[in-house]
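Work through the exercises below with the model open.

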Amino acid sequence: KSSGSAPEVPAETLEALGSDIRSMMDAATDPCDDFYQHACGQWIQDNAEFPADYSSWSTSFSQISVRNEAILSGILAANWPLVTPFYNLCMDDATRNGRGDEPVRPLLRLVEQLRRREDVPQVLG
């Protein structure tokens, strides 16, 4: 084979791909009446609903997000030495809320010094 030729795809791969594509089609819809429904109808029906705790659902992106959340949960459950303590620190609402505005007070003091747009470079250095 020359380096410019396309790789040959095994027959079983093509058959599986064809089966996947056929499983997404709505064979009951005449393609001359509604080609989109014919080509994608079963996929739309299978993926039209989304979990109740989501306000929107993009099948590809939302499924990736859910999978990533599961992976991250597994990492946290494994108690990785560098990741878990930082995550727990961020998720410690009681401590974070107990500190109030103390962590941002220096920034608030800087903002209070700003009276005009021209003050920004001088105050922020």
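A salt bridge is a side-chain nitrogen of Lys or Arg within 4 Å of a carboxyl oxygen of Asp or Glu. This is a predicted model, where local features need pLDDT of at least 70, side-chain atom pairs count only at pLDDT 80 or more, and totals for chains, interfaces and linings use all residues. Residues are numbered from 1 along each chain as its sequence is written, and side-chain values use heavy atoms, with hydrogens and water left out.

**Exercise 1. Find the salt bridges.**

Start with the total: the whole structure holds five salt bridges. Next, take the network, which links Arg116, Glu118 and Asp119. Within it, the side chains of Arg116 and Asp119 meet at 3.2 Å, N to O. Arg116 is exposed at 51%. Asp119 is buried at 9%.

Then move to Glu102, which bridges to Arg99 with the closest N and O atoms 3.0 Å apart. Glu102 is partly exposed at 35%, and Arg99 is partly exposed at 43%. Finish with Arg105 and Asp101, whose salt bridge spans 3.0 Å, N to O. Arg105 has a relative accessible area of 38%. Asp101 has 38%.

**Exercise 2. Describe the fold of the chain.**

Count the elements: there are seven helices and zero strands. These are DSSP runs, numbered from the N terminus (helices H or I, at least four residues; strands E, at least two). Check burial next: 9% of the 125 residues count as buried. Last, look at contacts, meaning heavy atoms within 4.5 Å. Among contacts with a separation of 6 or more, residues 24 or more positions apart account for 0%.

**Exercise 3. Examine helix α2.**

Where does the kink in α2 lie? The kink is centred on Gly41 and comes to about 60 degrees. The bend at a residue is the angle between axes fitted to the seven residues ending there and the seven starting there.

Now place His38, which sits in helix α2. Is His38 buried or exposed? His38 is buried, at 13% relative accessible area. Leaving out residues up to four places away in sequence, His38 touches Met25, Asp26, Ala27, Thr29 and Pro31.

**Exercise 4. Locate Val104.**

Val104 lies in the loop between α5 (93-98) and α6 (105-113). Its relative accessibility is 41%, so Val104 counts as partly exposed.

Terms used: Buried means under 20% relative accessible area, exposed over 50%, partly exposed in between (1.4 Å probe, protein chains only).
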